[in-house]
Amino acid sequence: GAEGSQKGAEGSQKGAEGSQKEREGSEKAQEKREGLQKEEGGEVLYGNLKLYVFFRLYQKLYERLAKAKELAGEVEKRQESDGGRREPKEAGAKEEEQGAKTYRDFMEMLSNLVKGSMDASDFEDGCRARLGTSAFELFTLEWLVEQMLALARALSGEDARLADGGAPFVQLFEYSHIALADASQEGAAGGGA
């Protein structure tokens, strides 16, 4: 008799553990269905191919502009070590400030290129002259910016309401942030009670 009651207690304990795991699993499934799960170090963003390509191009643009800033700093350091500086530098100037003028000049050239007031060969020559021969990675920035602008127009324009447009994904993104904010407020209110 004691053995049977012990097995019964173990069975009910296993049953309780199983139902708890099922509840946790269904909660996770519910979060996935609603698009509310958070990844380590980021958030989930749902989108189509156009949106994905836009963000990849944005990442490439950021990387190339960071490369330009790095090259501008290296040029500034080389000019300092060669004694070819025209402007005196403050004694406590940060490394981040090095090459600021060179980088501003580069950004002005890029702006002129995108606006159409400078052609690609002049831009390439200017990059080589200001940033050195390692600036070859920057020569495709015009194409990159043009592609991003075309994708931004496609995602936000009239065709954005279509199935392959961006409006449904923006709405899903906004909904998920509202739901996450509501859930965190409920959690904060529940934790303080």
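This is a predicted model: local features need pLDDT of at least 70, side-chain atom pairs count only at pLDDT 80 or more; totals for chains, interfaces and linings use all residues.

Visitor: What about contacts between residues at least 6 apart in sequence: what percentage join residues at least 24 apart?

Guide: For the protein chain that figure is 61%.

Visitor: Let us turn to charges. How many salt bridges are there?

Guide: The count comes to 5 salt bridges. One of them pairs the side chains of glutamate 63 and lysine 60, with an N to O distance of 3.5 Å.

Visitor: Where do glutamate 63 and lysine 60 sit relative to one another?

Guide: Both belong to helix α2, which spans residues 49-82. Because they are 3 residues apart in that helix, about one helical turn separates glutamate 63 from lysine 60.

Visitor: Buried, partly exposed or exposed: which term applies to glutamate 63, and which to lysine 60?

Guide: Glutamate 63 has a relative accessible area of 37%, so it counts as partly exposed. Lysine 60 is likewise partly exposed, at 33% relative accessibility. The category for partly exposed residues lies between the buried limit, under 20%, and the exposed limit, over 50%.

Visitor: Which residues are linked in a network of salt bridges?

Guide: Glu124, Asp125 and Arg128 are linked in such a network. Arginine 128 forms a salt bridge with glutamate 124, where the closest N and O atoms are 3.8 Å apart. The side chain of arginine 128 also meets that of aspartate 125 in a salt bridge, at 3.0 Å from N to O.

Visitor: How are those residues placed along the helix?

Guide: Arginine 128 and glutamate 124 lie in helix α4 (residues 120-131), 4 residues apart, which is about one turn of the helix. Aspartate 125 and arginine 128 are 3 residues apart in helix α4, so about one helical turn separates this pair too.

Visitor: How accessible are arginine 128, glutamate 124 and aspartate 125?

Guide: Arginine 128 is partly exposed at 36% relative accessibility. Glutamate 124 is partly exposed, with a relative accessible area of 25%, and aspartate 125 is partly exposed, with 44%.

Visitor: A change of topic: where does threonine 102 lie, and is it buried or exposed?

Guide: Threonine 102 lies in helix α3, residues 100-115. Its relative accessible area is 11%, so threonine 102 is buried, given that buried means under 20%.

Visitor: Which residues is threonine 102 in contact with, leaving aside neighbours within four places in sequence?

Guide: With those neighbours set aside, threonine 102 is in contact with Ala72, Glu76, Arg130 and Leu131.

Visitor: Last topic. How many cavities of 30 Å³ or more are there?

Guide: There are 2 cavities of 30 Å³ or more. The second largest cavity holds about 30 Å³ of space.

Visitor: Which residues line the second largest cavity?

Guide: The lining consists of Val44, Leu45, Tyr46, Phe169, Leu172, Phe173 and Ser176. By type, the lining residues of the second largest cavity are 6 nonpolar and 1 polar, with no charged residue.

Terms used:
Residues are numbered from 1 along each chain as its sequence is written. Side-chain values use heavy atoms; hydrogens and water are left out. Helices (H or I, at least four residues) and strands (E, at least two) are DSSP runs, numbered from the N terminus. Buried means under 20% relative accessible area, exposed over 50%, partly exposed in between (1.4 Å probe, protein chains only). Contact means heavy atoms within 4.5 Å. On a 1 Å grid over the protein atoms alone, a cavity is a set of points where a 1.4 Å probe fits but cannot get out, and a pocket is an open set with protein on both sides within 12 Å along at least five of seven lines; lining residues have an atom within 4 Å of a point. Grid points are joined across faces, edges and corners, and a volume is the space filled by probe spheres set on the points. Ala, Val, Leu, Ile, Met, Phe, Trp, Tyr, Cys and Pro count as nonpolar, Asp, Glu, Lys and Arg as charged, and the others, Gly among them, as polar. A salt bridge is a side-chain nitrogen of Lys or Arg within 4 Å of a carboxyl oxygen of Asp or Glu.
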